[in-house]
Amino acid sequence: MWKVTVSGLLAHKLRLALTAVAIVLGVTFISGTLVLTDTLRSTFTSLFSNIYQNIDFEVRGTAAFTDSSGIGSVRKAIPESILPKVRQVHGVSIAEGTVTGYAQFVAPDGKAVTTGGAPTIGVSFDTHRQISALQLSDGTAPTSPEDVAMDRATATKYHFAVGDRVKILLIGPPQTFTISGIVRFGSADNLAGATLAAFATPTAQHIFGLDGKFDAIDVVTSPGVDKAAVRQGIARVLPAGTEVVTGQTVADEQSSAINQALGFFSTALLVFAFIALFVGGFTIFNTFSIIVGQRTRELALLRIVGASRRQVFRSVLLEAALVGLIASLIGLGLGVLAAVGLEALLKAFGITLPTGPLVFQGRTVVAALVVGVGVTVVSAVSPARRAVRIPPVAALGDHRSDQVESLGRRVIIGSVIGILGIALLAIGLTQPAIELVGVGAVAVFLGIGMLAPVVARPMSSMLGRPLAALFGISGKLGRENSMRSPRRTAQTSSALMVGLALVSTIAVFGASLSKSATSSVDNAISADAIISPSTLGAFGFSAAVGPAVAKVPGVTSVSTVYNGRFVAAGKVSTLTAVSAKDLAQTVILRMDSGAGPAALAAGELLIDTTTANARHLGVGSVVPVTFALTGRSTMRVGGVFKPNTPLGSYLAGDSFFLQHFANPLPAAVLVRTSGAPGTEAAIVKAVEVYPNLKVQTRAEFQKTQQAQINQLLGLIYVLLALAIVIALIGIVNTLMLSVFERTHEIGLLRAVGMRRRQVRSMIRSESVILSLFGAIIGVLVGTGLGVALAISLKQQGITDVVVPISSLVVFLVLSGLLGLTAATWPARRAARLDVLAAIATE
Amino acid sequence: MTSIEAQGIEPGAPPSGAAARAVDLCKTYGKGDAAVRALDGISVEFERGRFTAVMGPSGSGKSTLMHCMAGLDSPTSGQAFVGDQEIGQLDDAGLTQLRRDRIGFVFQSFNLVPTLTAAENITLPADLAGKPVDKEWFDFLVGQLGIADRLDHRPSELSGGQQQRAACARALIGRPDLIFADEPTGNLDSNASGEMLAFLRRSVTEFGQSIVMVTHDPRGAAHADRVVFLADGKLVDELLAPTADTVLEQMKNLGG
């Protein structure tokens, strides 16, 4: 049977090659993601190890709580006075205090240097070469209060050189410094895309608002001493609230924070890879079904000459496994290339990564092969079972491959799976449990895939009618061809159905999100102007902005909004703060119960109704809280407000907030004006010195929010495009198989006078019908899923459910056009069939 | 449509003369030592309004001759004419139009498009050309062929004989210059076969249709006005007013 399998493979090279493309793409995606994230993980780990390799111990404030949100735990600064005590500990060779804070360069063109999400870090420059991870590549260390050292990546990008003046945005008003030196981070020009400004230690302490304090003290021990003893010695001189840890611990903590972020990135990409493979599974299933159909006689002959059912079954599965294996190996190779490409792409976006060798783990190979081969084999099981049912007598008679089969059983099984899927989706969305949603969606797609043949004939007939009217006999024949095997039509379009269902889900969800964001701004903010960082993902801006704006004539109220992490009732959460005084003028707070501004002024906590219900809290409840700076305490719930997306779940007054957070950076400044002409221009003028800010009216702010949502949607569409491409390859494949199958018929048509152009439009018509069929079902299913998703997230702030009809219509039109494109090759092949050879075939 | 006129086909050619002719037609398959001369310099005329049978043993080149003369295959050398049109001068589009508008085909099997009904199959050439169908002629033909009540059926619902009769109607519907029939009765039982041949005969006698039929059945050939015999790619003999016996006799002489 091995020989039969291999010769079968070789005989269907082209058809299987197209099938394999689906697997190749999916596996490329998977292995590329794994290689890229493994590589990044390993380079970051070694980078942090390098940075801390010379540091034996670090003295720092203890963390009041562990925040796993990726930012890392917030620690209280330690008093400067600890440093001389640590230096006196026996065995300590070097001890140096360090501080870190916000410092953002302003480029020569007056615009703030942005990083695309990475932080803009300011640090104290450590003059001890042994300790510092920073290495001067040019110039000298910053010594005077005017000096700054700049990371080489920023210097190169913006053509800064030693001796140049550079403006830097700080938590206070911006200041101008002289570049004394250019620094590198070990072997990298910057730290994973972050910009870095290094100041002399006293300067840094001052501009970060940490006079007399350090964030940490780095310690190097004398050679040959007992490190454990040194550590004990240091611990003995430390006051409460401080701790001493090894350099390795710090390195590990930093890598694990990065790893967590990378893990999220990797999971997100893998989800799309699996979507692509799921769609690929449909096309494989379809191809094998058709091939088994076409090989009916051959397989029956095998049965006649003595092959057992089991052997036939294994032969088909083995063929699938071989195709899967070859495709997975190719995908694996391409995945490595893709990882290199992605890395280059990240670099092009200014995220210069420390150079490290590509990490190609055994797990990547195993995952790629298991998934690639697995999907192919599983998809071929049902066709293989069909092959087994071929009676030996079929070898003798004219056993048609596209016979009409009873759909009864399919309807029952399909309905059961579909309903089960809907149930799982419903449970998953209400729980919420993302895994159940995934399994439910897969079940819904499978169920609909099984049910689709029932409607395939009437729908193809309906869709084909305008084509028949438009293209005459060619359109009519295309329509007839799409109707002749409802099962094949449905199977072929299933892949596109899944792809479009997902795209439509995202479209409905995105439109709802966008609309909700708009109305949530209207329902939450009454300010006339909103000042916020001009780049997405910025870590905040100077605290001097609010007071500066307040002085502008025409400005009646200014509210500075802060965000910080704290523990509320045992759960790490975000606390938002606004000033109680100006609350009513800038924010729309609809109270459900209790007091609003008065409670904030009294240092009480406000919570939204969702949180109140979920955590069984109400006015008067006392919530245990923990702050990084001030430790444990309790807060009384002073009021419960109706959900307000920009404010989040927990709200406090700004004076309370500032007592519990060290030098927080404002997230936004809300401004109410008298409406006098020129006020907005005056505000813009007042914040001109902060090029990292933008001043927007409420309408502009809404537009920005929508733009951000659309950007995210665009990214998701791009990732889903792969699934659509695979679905189209499935259509190309089926059409090729159909053309092959109908060689004789096409030859006859050509003999009695069908022109090549007419042959092409016949195939194209069929393709358009197939595509539209899949697209229509997909859009319907996707709209349903999207609406369900949006409704289920009502509590999370999706207040409006919108079905973007125009986008969905565009998807349908695009699908038709893609169908037309998919037909290009099969149509050409059909038109080029040698008439004589075609009619002579038998 | 315009290209045919541009290439000099005159739809109203004079009634006399040849419906089709071959001049020194050669067809070689393969190259060098492996070359096979399927047609070895055949010159033959098929008269207008007559029923000509082409006979010969297997491999004599009778199918190749038909394919070359119908524009399905291109000769290696020599010329083939349908009316006054030399078909070697036509490109694919021209050949397609020629087949669609001036030639009718009846093949041994697989004559009908399975997705179309019998009626749609019959009007296929006209539909492909975007031309109206002569409704009276259509009704007359399907009535004569006895398939008027089977018109809405798909080929899979028709008997072999009914399928071949529908193919016949399709060949005749456009009143082509010439019908090529390639073993049209090869898959039929003797009853259906006889009806089929009788109808072909009548269409020549009564409607003045020109037919060339490739066959290896002497009784079939006996329905023709003239039988030409091929052997080894050459025209070796011909017989006028044949009977089954004279044809059989001739075939024996050829060693078929």
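A crossing of two helices is left-handed if the near helix is turned anticlockwise from the far one by less than a right angle, and right-handed if clockwise. The crossing of α7(A) and α10(A) is right-handed. This is a predicted model, in which local features need pLDDT of at least 70, side-chain atom pairs count only at pLDDT 80 or more, and totals for chains, interfaces and linings use all residues. Residues are numbered from 1 along each chain as its sequence is written, while chains are lettered from A and ligands numbered from 1 in the order in which they are written.

Helix α7 spans residues 247-294 of chain A, and helix α10 spans residues 362-388 of chain A. They pack at an angle of about 35°, with axes 8 Å apart. Axes are lines fitted to C-alpha atoms, for helices over the stretch in contact; angles run from 0 to 180 degrees between N-to-C directions. Helices (H or I, at least four residues) and strands (E, at least two) are DSSP runs, numbered from the N terminus. From α7(A), the contact takes in L277(A), G280(A), I284(A) and F288(A), among others. The α10(A) side includes V371(A), V375(A), P383(A) and R386(A). Residues are in contact if their C-beta atoms, placed from the backbone, lie within 7 Å. By class, this contact holds eleven nonpolar, six polar and one charged residue. Ala, Val, Leu, Ile, Met, Phe, Trp, Tyr, Cys and Pro count as nonpolar, Asp, Glu, Lys and Arg as charged, and the others, Gly among them, as polar.

Another pair is helix α12 (residues 434-484) and helix α22 (residues 756-792) of chain A. Their axes come within 7 Å and cross at roughly 145°. This crossing is right-handed. The contact of α12(A) with α22(A) has 20 nonpolar, ten polar and two charged residues.

Four strands of chain A form an open sheet in the order β3-β13-β1-β14, with antiparallel pairing. Strands pair if DSSP finds at least two bridges between them. β3 (92-98) and β14 (242-246) of chain A are at the edges with a single partner strand each, so one side of each lacks a neighbour in the sheet. From one strand to the next, the twist averages 20°.

Six bridges join β3(A) to strand β13 (residues 216-221) of chain A. Here I94(A) stands opposite V220(A). Helix α7(A) lies across β1 (57-61) and β14 of chain A, at about 90° to β14(A).

Strand β16 covers residues 555-568 of chain A, and eleven of its 14 residues are buried. A residue is buried if 20 or more other C-beta atoms lie within 10 Å of its own, exposed if 12 or fewer, and partly exposed in between.

β16(A) pairs antiparallel with strand β23 (residues 666-673) of chain A over seven bridges. S557(A) has R672(A) as its bridge partner there. Seven bridges also link β16(A) to strand β17 (residues 571-578) of chain A, again antiparallel. In that pair F566(A) meets S573(A) as bridge partner. The hairpin of β16(A) and β17(A) has two residues between the strands, and A569(A) takes a positive phi near 50°. Strand β20 (residues 622-627) of chain A pairs antiparallel with β16(A) over two bridges. A568(A) stands opposite V625(A) in β20(A).

The largest nonpolar core has 323 residues, of which A276(A) and I531(A) touch the most other members. Such a core is a set of buried Ala, Val, Leu, Ile, Met, Phe, Trp, Tyr and Cys residues joined through C-beta atoms within 7 Å. Helix α2 (residues 13-52) of chain A gives the largest share, 19 residues. Beyond its neighbours within four places in sequence, I531(A) contacts V545(A), V549(A), A668(A) and V671(A), among others.

F199(A) sits in strand β11 (residues 195-200) of chain A. F199(A) is buried, with 29 other C-beta atoms within 10 Å. Leaving aside neighbours within four places in sequence, its contacts include G122(A), F125(A), D147(A) and I207(A).

## Chain B

Chain B puts 22 residues in contact with 21 residues of chain A. On the chain B side, α3 (92-102) and α5 (124-129) are the elements that give two or more residues. That side divides into twelve nonpolar, four polar and six charged residues.

Chain B has an open sheet of four strands, ordered β2-β1-β4-β5, with antiparallel pairing. β2 (36-47) and β5 (85-86) of chain B stand at the edges with a single partner strand each, so one side of each has no neighbour in the sheet. Strand β1 (residues 18-29) of chain B pairs with β2(B) over nine bridges. A20(B) stands opposite F46(B) in β2(B).

Key:
Two residues are in contact if their C-beta atoms, placed from the backbone, lie within 7 Å.
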